[in-house]
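Welcome! Please take a look at the structure below, and then we can walk through some of its features together.

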Amino acid sequence: MDFPFLTVITFIPVLAAVVLFLMPDETKLDPRADMARITTLKTGYRSVAAAATFISLLLGLWIFFAVNQFYNSGETSLFFFEDGRWNWVPQLGIGYHMGVDGISAPMVLLTGLASFTGVLISWGIDDRPREFFAFFMLLVAGVYGVFVALDVFLLFFFYELAIFPMYVLIATWGWKVTREYGAMKLTLYILVGSVVALVGVIAMYFVAKDAGIADMTFDMVDFMRARDAGVYDRTFDLPLGLGLATFAKTWFPFIFIGFGILAGIFPFHNWSPDGHVAAPTAVSMIHAGVLMKLGAYSALRVAVMLLPEGAKTHLPWMVFLTLINVVYGSMIAMVQRDFKYVIGFSSVSHMGLVSMGWATMNLTGMTGAGIQMFSHGVMTALFFASVGMVYDRAHTRDIPSLGGFWHRMPVVALAFIVGGLVSMGMPGFSGFVAEFPIFVGMWQAGQTIAPYYAVIAIISAIGIVVTAAYVLRIVQRIFFGEFDPSKWHDEITDVTVLDKLALGILVTWLILVGVFPSIMQPMVSAGLEPIARLLGGA
Amino acid sequence: MDTLELLVWLIPLPPLLAFLIILLVTRGNKLLSDIVAVAAILGTWGLSLTVFFNAISTEHLGEHPLRAAFTWLPLGESVETSFQIGAMVDPLTAVMLFFVPLTASMIFIYSTGYMATGHYWTEIKGGHGHDDHAGEEGDDHGHEMVVDSAGRNLVRFDATAWKARFMALIALFASGMLLLSVADNLLLLFIGWEIMGFCSYALIGFWHNRVYPNQPKRITPMFAGIKAFMTTRVADVIMLLGIAWLYSYTGTLSFREIMYNEAMLHALESSAFPNIVALSTLTVGGVIGLLLFAGAVGKSAQFPLHTWLPDAMEGPTPVSAMIHAATMVSAGVYMIIRMYPIISTGFHGHGFTPTMQIVAGIGAFTALFSATIAVAQRDIKKVLAYSTISQLGYMVAAVGIGAYVAAAFHLMTHAIFKALLFMGSGSVIHAVEHGEEHAHHHGHHFPIDFDAQDMFNMGGLWKRIPVTAWTFLIGGLALSGFPLVTAGFWSKDEILADAFAHAPAVFVVLAIAAFLTAFYTMRQIGLTFAGEPRTHAAEEATQTDWRMNLPLIILAFFAITAGFVGVHQDFPVLGRLLGENPFHHFVGGALLEHPETLAFSFTPLILSIVIALSGLLVGWLIYVRKPLAAGQEDPLKKLLGPIHTLLENKYYMDELYDWAVIRPSMWFAEKFVYLFIDRGIIDGILHFIARSVEWMAFRNKDFDTHVINGGADQVVEGIGGLSDSFKYVQSGRVQQYLAVAVAGLLMLVGVFVWTLFLR
């Protein structure tokens with residue numbers, strides 16, 4: 001692989017941000033005299049953003065199918081499309097190393113889908129579009145970076161790079177009522193989580209260094225070497241004479257939950273609905289669709305993969321947290337009055353299934369979780385896009401006030417119904433391909449780990465039933481029923497062609513994966529196989 | 001894969017294609033959409049018959065079914081554990097391929113006629129609702145707006161507006177059922193199962209804007225659809241857990257590999273909870289069987305999840321025929337017949353297992369329970385709805401006592417005569433609605449809440465719609481089990497004979513239910529067709545659409561003849577004449593363990609004849625010999641007193657669920673989970689921390705102002721000056737933030753490039 005695909009994918013959005021920054025500022029122009037020029041400029045900003053995300057999406061698609069092909073042809077390499085590894089700050093052992101495997105390649109594709117469709121449905125943003133898209137590009141670059149980074153420090157670098165523009169985007173372009181609160185809550189939660197995780201990773205680095213691992217750096221490969229050498233299974237003395245402790249077992253919860261906060265793990269999920277609701281539509285799409293996967297992905301990549309002994313000790317109790325996520329999130333979603341909060345809490349519920357999949361510690365359940373990351377990402381992006389389209393026209397998200405929007409925007413209604421079917425886990429859509437293996441994995445864990453896994457599977461089924469309830473409630477209250485034209489000041493019009501294109505792209509993938517799971521399932525499974533083997537579940 | 005096996009795969013395809021074609025291409029043209037849908041289902045029928053005749057002429061089809069499979073969802077580590085998706089035709093599927101496309105074809109043809117006329121009331125919000133529908137097909141400007149007693153603005157809405165979409169949805173529905181029938185594994189079966197679940201939601205709620213004047217509390221189609229979907233969803237999730245367990249235990253979901261595999265069946269006999277003494281007799285197969293059975297309880301509307309089915313009558317009548325006869329509810333019974341070896345794990349011809357006892361108990365109870373409700377209903381479709389639940393109870397009970405061949409037999413005959421009855425009732429409703437419009441033109445005044453489905457608004461229809469009346473009578477007699485000449489008699493008799501031989505308690509319950517069945521059927525026929533018309537609408541009722549009459553005649557033929565394939569071989573004269581019970585020998589080969597042939601006995605036969613005839617006789621005495629006059633109350637009301645009220649209100653099950661399940665869970669979700677835990681405790685802690693930090697910051701500031709002031713003033717002022725020059729960074733201008741961000745990023749990139757390449 002001579003062409004640095006991953007670096008290009010990640011830095012094209014950065015380049016776009018720079019270009020946007022160098023473009024003339026439309027607010028400096030006189031709106032009365034230069035209207036035509038202002039319009040041209042705004043179209044220019046949007047086109048730059050669309051072009052950048054589109055190129056990244058195409059490259060991501062290429063990567064996705066290429067990785068698929070590698071696995072199908074029986075390659076056993078751990079990572080593909082590697083860039084680097086190059087030293088960056090050699091004194092600290094920080095390097096530049098990128099690569100993808102069967103777990104991250106779908107995530108790269110997901111990021112491409114969510115960012116490109118996000119730009120499409122943000123076409124109408126009229127308030128300082130240059131800055132909006134520039135920050136949006138930085139956010140996208142950060143997200144890509146996390147998924148492709150193979151150096152743990154680089155991973156943190158991109159992680160923080162994603163959070164900073166998030167704050168600005170929400171606080172500036174968000175919903176006026178809660179945007180400052182939501183942005184602050186979100187940023188603080190995630191920062192605290194990432195700091196905790198970072199401390200853990202630094203500890204891992206120094207422990208390995210002290211244990212005499214040659215040329216120890218922050219590179220994932222070095223950490224894996226240290227893991228295989230048994231460094232993290234060693235015991236150390238606790239301070240104050242508290243006795244002995246195993247490194248992996250002590251640090252696992254901090255690193256896992258530190259990242260898990262971004263995956264909305266109970267009881268640290270509360271930033272997510274507030275943050276999603278406060279964010280502008282495209283940001284909600286990226287945020288719930290992709291950013292939450294950063295948490296789940298990093299928790300797997302750093303905590304589970306590098307500290308398997310810790311995972312074996314702690315995941316069997318953390319599975320209870322994931323159960324709460326699933327049931328609790330869906331119940332709260334059912335009683336919301338605000339359309340967007342329903343979707344916000346549904347994400348808490350569905351992301352619980354991802355963590356639950358990790359907690360099964362066998363290949364079947366973990367593969368389900370890997371697909372659920374993709375499926376939920378596309379589905380939630382679709383949901384938030386639909387919410388945004390309704391809100392932009394009705395200027396309210398109060399469920400009892402809405403109704404009959406199917407008459408005015410049939411494509412949105414149809415897309416939302418498809419999203420709803422995915423979220424209920426209907427066969428033929430990606431949600432089933434994701435959720436069914438998770439449940440099978442839970443049963444298997446009930447036989448291999450502890451019988452209560454089966455009980456948890458049964459209780460979490462409540463979450464699936466309640467999901468059907470809130471999805472139908474929204475479909476019926478917002479899209480069906482009678483439309484009341486006297487209620488709205490503006491004419492409620494159908495969505496634009498670009499909006500329809502965005503919805504179409506998302507719907508296509510939900511159905512594609514649902515009908516042909518073999519385009520994604522084998523690669524995710526192959527990527528997870530080494531991790532599952534470490535956990536004794538493959 | 002030879003041609004025949006390929007044909008099996010093709011069976012579900014034509015309706016699926018019809019669905020897509022109508023939705024994408026012909027939805028603007030009703031006639032073309034009708035043609036596409038009917039052509040598709042007739043094509044499927046042709047394919048099915050080809051496969052069917054090949055299947056019945058194949059020797060030992062049970063051992064060597066037609067089969068074709070490929071890998072769909074690779075799961076686990078190896079090819080062996082991945083999900084194969086395959087189609088298979090064994091004797092049981094062959095039976096399904098006989099009656100499903102037959103009834104579905106009739107329903108499709110009938111639909112083209114049924115959905116061609118009609119109106120219903122819809123609410124118009126915002127006063128001048130008409131502009132809302134401007135330009136939309138089916139808007140009906142000819143009718144004026146009225147205001148009902150609940151203060152709603154109502155107009156008549158054209159029920160035919162979305163006909164093309166209707167044809168598309170029932171085509172998808174049929175496709176789901178056929179997929180389920182030819183599936184060779186539980187996963188594919190489940191996919192067909194869920195397709196039907198979604199279609200039932202969309203079709204029951206098809207007239208989603210319909211409301212009932214003066215009855216704001218009455219359930220509307222929209223809510224009925226949601227109710228059906230949610231109830232069956234609860235059951236489906238339990239079933240999915242069963243599938244997950246079965247898969248993780250056996251490593252496969254293929255019917256053949258589980259049911260035709262002695263080692264596997266034996267493995268399922270091990271104890272499910274070896275550590276819990278009280279439950280140690282439960283086998284793994286038994287518990288999985290119960291979980292799967294829960295799915296059938298939802299889909300086939302067994303107690304206690306039956307409440308969705310009567311409300312599902314809100315859908316257009318062809319949908320009722322589709323859901324309640326040909327497809328969806330049959331799917332549940334089909335599944336448990338298919339899964340019989342698992343449900344009966346540990347049963348070797350004697351001593352019913354706990355799972356079987358539960359299945360038989362629920363089936364028998366449901367059969368009687370809903371038969372009693374049917375006795376007191378006024379709505380012509382509601383009677384049939386409860387009768388469907390009751391008849392499904394027979395089949396479930398039959399599976400529970402090991403008589404799965406009898407269950408399959410009754411499944412087939414019931415699908416045929418129940419489709420006939422539903423379509424007959426639709427024909428009656430249409431006739432009365434037409435009569436209402438005619439009478440309206442002749443100057444008769446109707447209240448806006450005139451109910452064309454209320455049997456007490458009918459009467460005397462025998463002369464007005466003879467084709468419907470005759471075919472309905474045949475269907476009704478088949479349902480009652482009228483001896484010798486109806487299909488229902490032979491299938492019901494087989495269940496009763498089995499119950500008599502193996503489970504006397506079940507026999508008693510089913511026999512009482514059989515009496516009630518005959519009685520309420522005669523009551524229905526009497527109220528609808530006998531005597532003189534009780535309203536002007538009934539007086540002028542007409543129905544002459546051949547598209548609706550032809551399917552009735554065809555199905556009436558099968559309602560008489562379909563039973564002759566399953567006559568007991570030792571039945572006097574007929575047994576020999578009709579080929580020694582071919583149905584039993586054919587379907588019995590579907591499983592590894594062939595069912596024993598029950599010895600012929602006269603006692604249950606005579607009992608069931610007496611019961612059916614006496615039920616019909618009592619009904620005839622009350623409702624046909626002395627037909628009700630206009631405005632006369634149901635004689636049963638005086639006879640039964642308060643019990644009648646209880647029955648009429650369906651034992652208040654809906655109210656019970658609302659009070660005991662729905663309200664508490666909504667309260668729990670909102671007040672406890674959301675407001676108390678999420679917003680109260682979790683956010684409370686967070687806000688407390690935030691406030692504390694803020695408080696401490698202010699105390700620090702006070703400390704700073706009062707204590708460290710003075711001496712340190714100079715320093716502070718110096719810092720203040722410095723901050724003054726820095727504060728411009730915090731400008732609140734996003735452009736500037738962006739500049740800083742980009743600059744910072746460029747610096748990092750610079751450092752990176754420098755360290756990497758230049759140094």
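## A hairpin and its sheet

Strands E4 and E5 of chain B form a hairpin with 5 residues between them, and Gly151(B) in that turn has a positive phi of about 80 degrees. Strands here are DSSP runs of E with at least two residues, helices are DSSP runs of H or I with at least four, and both are numbered from the N terminus. E4(B) and E5(B) pair in the antiparallel sense over 2 bridges; pairing requires that DSSP finds at least two bridges between two strands. Within this pair, Val147(B) has Asn153(B) in E5(B) as its bridge partner.

E3(B) is joined to strand E5 (residues 153-158) of chain B by 5 bridges, and His119(B) stands opposite Asp158(B) in E5(B).

## How to read the model

This is a predicted model, in which local features need pLDDT of at least 70 and side-chain atom pairs count only at pLDDT 80 or more, while totals for chains, interfaces and linings use all residues. Residues are numbered from 1 along each chain as its sequence is written, and chains are lettered from A and ligands numbered from 1 in the order in which they are written.

The model scores ipTM 0.83 and pTM 0.85. Chain B has a mean pLDDT of 81, with 92% of its residues at 70 or more; pLDDT is the predictor's confidence in each residue, from 0 to 100. Over residues 128-142 of chain B, pLDDT stays under 50. Where pLDDT is low, the predicted coordinates should not be read in detail.

## Chain B and a helix pair

Chain B holds 31 helices and 5 strands. Of its 759 residues, 53% are buried, where buried means 20 or more other C-beta atoms within 10 Å of a residue's own, exposed means 12 or fewer, and partly exposed lies in between, with C-beta atoms placed from the backbone.

Helix H2 (residues 13-26) of chain B packs with helix H3 (residues 30-56) of chain B at an angle of about 170 degrees, their axes 8 Å apart. Axes are lines fitted to C-alpha atoms, for helices over the stretch in contact, and angles run from 0 to 180 degrees between N-to-C directions. H2(B) is therefore roughly antiparallel to H3(B), on a scale where angles under 35 degrees are roughly parallel, over 145 roughly antiparallel, 65 to 115 roughly perpendicular and the rest oblique.

## Where the chains meet

How many residues of chain A are in contact with chain B? There are 60, and they touch 51 residues of chain B; contact means that C-beta atoms, placed from the backbone, lie within 7 Å. On the chain A side, helix H16 (residues 452-479) gives the most, with 9 residues.

A cis peptide bond joins Phe303(B) and Pro304(B), with omega about 5 degrees. Pro304(B) lies in the loop between helix H10 (284-299) and helix H11 (308-311) of chain B.

Met361(A) has a positive phi, near 60 degrees, and is buried, with 28 other C-beta atoms within 10 Å. Tyr651(B) also has phi near 60 degrees, but counts as partly exposed, with 14 C-beta neighbours inside 10 Å.

Methods: Contact = placed C-beta atoms within 7 Å.
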